[in-house]
Amino acid sequence: MNDSHSAMFKLQGLQVRFGAVRALKGISLHVNQGEVVALLGANGAGKSTTLRTISGLSRPSAGNIFFAGQSITTFPSTKIVRLGIAHSPEGRRLFGGLTVAENLRLGSCSRSDTDGIAADTERMFSLFPILRERRPQLAGTLSGGEQQQLALARALMAAPKLLLLDEPSLGVAPLLVKHIFEALAELKRQGMTMLLVEQNMKLALKLADRAYVLRTGSIALHGSSAELLSDDRVAQAYLGAAQ
Amino acid sequence: MSDLVYILQQMINAVSLGSLYALVAVGLSIVFGVLKLTNFAHGDVMMVGAFTTVLLIGVGMPFIPALFCGILGAALAGLLIERIAYRPVRNAPDVTRLLTSLAVTYILENFGILVFSSSPRNFPLPDALNESWQFMGGAITFTNINLLTLALTFASLIGLGWFITKTTLGLGMRAASEDMSAAQLVGLDVNRLIVVAFIVASGFAGLAGILWAAQAGVIQPQMGFTPLLKAFVAAIIGGFGSIAGALLGGFVLGALEIFIVAFLPDAITPYRDAIVFSLLIAFLLFRPGGILKPNREIKL
Ligand SMILES: Nc1ncnc2c1ncn2[C@@H]1O[C@H](COP(=O)(O)OP(=O)(O)OP(=O)(O)O)[C@@H](O)[C@H]1O
Ligand SMILES: [Mg+2]
């Protein structure tokens, strides 16, 4: 669990501020190859900020981000995606005026291996069959659950080595949440490395190998999913920030 | 019978004027899409295109190559404007960016005055393009430059349609217009997309400027002002920021202006622009998203 030296991905003392607000107060975590790590915490704890900073949308005021043996802290988003970190953002953020097919195509815009892209498109359609039917439809007209599947597929089209997921169950009907998490479990079996932000703690811990709990910008707890599932302090961390 | 011919002639005029508005409005919409900025300098880029063409014709270049060089000149001007003026203030407050765009307008216009003086000059259109076609005993008339305008407008718009629906760069440009951070997250290089957007938009402005000046027969440094204003109205009527909306708005506005003059009583004709701008205000108040995008907020 502490083999952070060989970790594929690592945050070291990451700090992010928005004006006077200190959103992240120096967090460190790591993700090993093939691992699914959950990042839990109450509203406003800094989960999305962490993911956005990894992807280069926010810049840290201190600390470092390491991926595949190099510091990517100052890299632009394009380069980060090309190195193999894809991000399925909170609220999905699809291109609503573009079709499902066009959204998928843009998901692969960082690649040039035409055959690989075609094969991955097929793979997405077998992982999320509804997307095949919806191919020519505008993304903005899909249901919440369909949109979430498209958001995941769009991120996967980048052929990432590390997948960042921000609340894949948000605004999705319960039945589809189950379907989406089954798809994520399938990806995990195939060896995909993931950093998962999820409000639904039970669901996240069932999928994840390990988890970190964020509390107002600091890591309050971390441990294996099994440990954390039976730890009352996890639930307290959620309540704690809400007080 | 002659009524029908008259209507036909007015329809030709409407499409001809509308296509010019559409060309300008499309560029305005493309830049607005990626930067959320009303690019007032767009009209001056038209001027750059027209002046480049006139200068090159002046040194002996034939019209058609000079036209393409004018388009390139305008595209280059757009590229430089983005790089020098807009990029440094990209994340600044809206007011700052708006003022920057006005400043660029003044700088370009004064540069135009410095180089060409502020008095109008003739546009040296080749005689062949001034030749007119007459049908039905002169009841229907159009010139070769009218035809060329239509041909170039439709060819360039079809090219644009292909670009924004079939190429990754074009799709990326539309994606960035919808959601800049999401575009970054899929790995699109937004700097590059913005540069491409400026080149395409400015190329369109250049083409529009050249055709506008060729039809009017004169050029002057402030020539971009009126078309810019009209294109702005067209873009809002159609749906600001949307390329399809700009096209639609351009043709609607062209038709409206022609038909006001052609079919309404002479007493109303002088109020053509007043009617057009009242329509603009009505749209801003009651349907700010334009015909295509009801209820979407627009920002200057
Ligand atoms: N762009 C921003 N400008 C100012 N403050 C911000 C910005 N983004 C985030 N914050 C602040 O940073 C803190 C962390 O926000 P963040 O979105 O990372 O939380 P979160 O853990 O993802 O919450 P949620 O569960 O609601 O998604 C919050 O206090 C938030 O208000
Ligand atoms: Mg969040």
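In this predicted model, 27 residues line the largest pocket, and those nearest its centre are B:R174, B:E178, B:G241, B:S242 and B:I243. The space inside the largest pocket comes to about 590 Å³. Sorted by class, its lining is made up of 14 nonpolar, 8 polar and 5 charged residues.

As for where the lining comes from, four helices of chain B each put in at least two residues: α1 (2-35), α6 (144-166), α7 (168-178) and α11 (243-263). Of the contributors, α1(B) gives the most, with 5 residues.

Turning to chain A, there is an open sheet of 4 strands, laid out in the order β2-β1-β4-β5 with antiparallel pairing. The edges of this sheet are taken by β2 (21-31) and β5 (70-71) of chain A; each has a single partner strand, so one side of each goes without a neighbour in the sheet. In general, the strands of a sheet pair up through backbone hydrogen bonds, in either a parallel or an antiparallel way.

Within the chain A sheet, strand β1 (residues 9-18) and strand β4 (residues 62-67) of chain A are joined over 5 bridges, running in the antiparallel sense. Along this pairing, A:Q12 sits opposite A:N64, a residue of β4(A).

Key. Residues numbered from 1 in each chain as written. Chains lettered and ligands numbered in written order. Predicted model: local features only at pLDDT ≥ 70, side-chain atom pairs only at ≥ 80, totals over all residues. Heavy atoms only, no water. 1 Å grid on protein atoms, 1.4 Å probe; cavity = no way out; pocket = protein on both sides within 12 Å on 5 of 7 lines; lining within 4 Å. Points joined across faces, edges and corners; volume = space filled by probe spheres on them. Nonpolar A, V, L, I, M, F, W, Y, C, P; charged D, E, K, R; others polar. Pairing = 2+ DSSP bridges.
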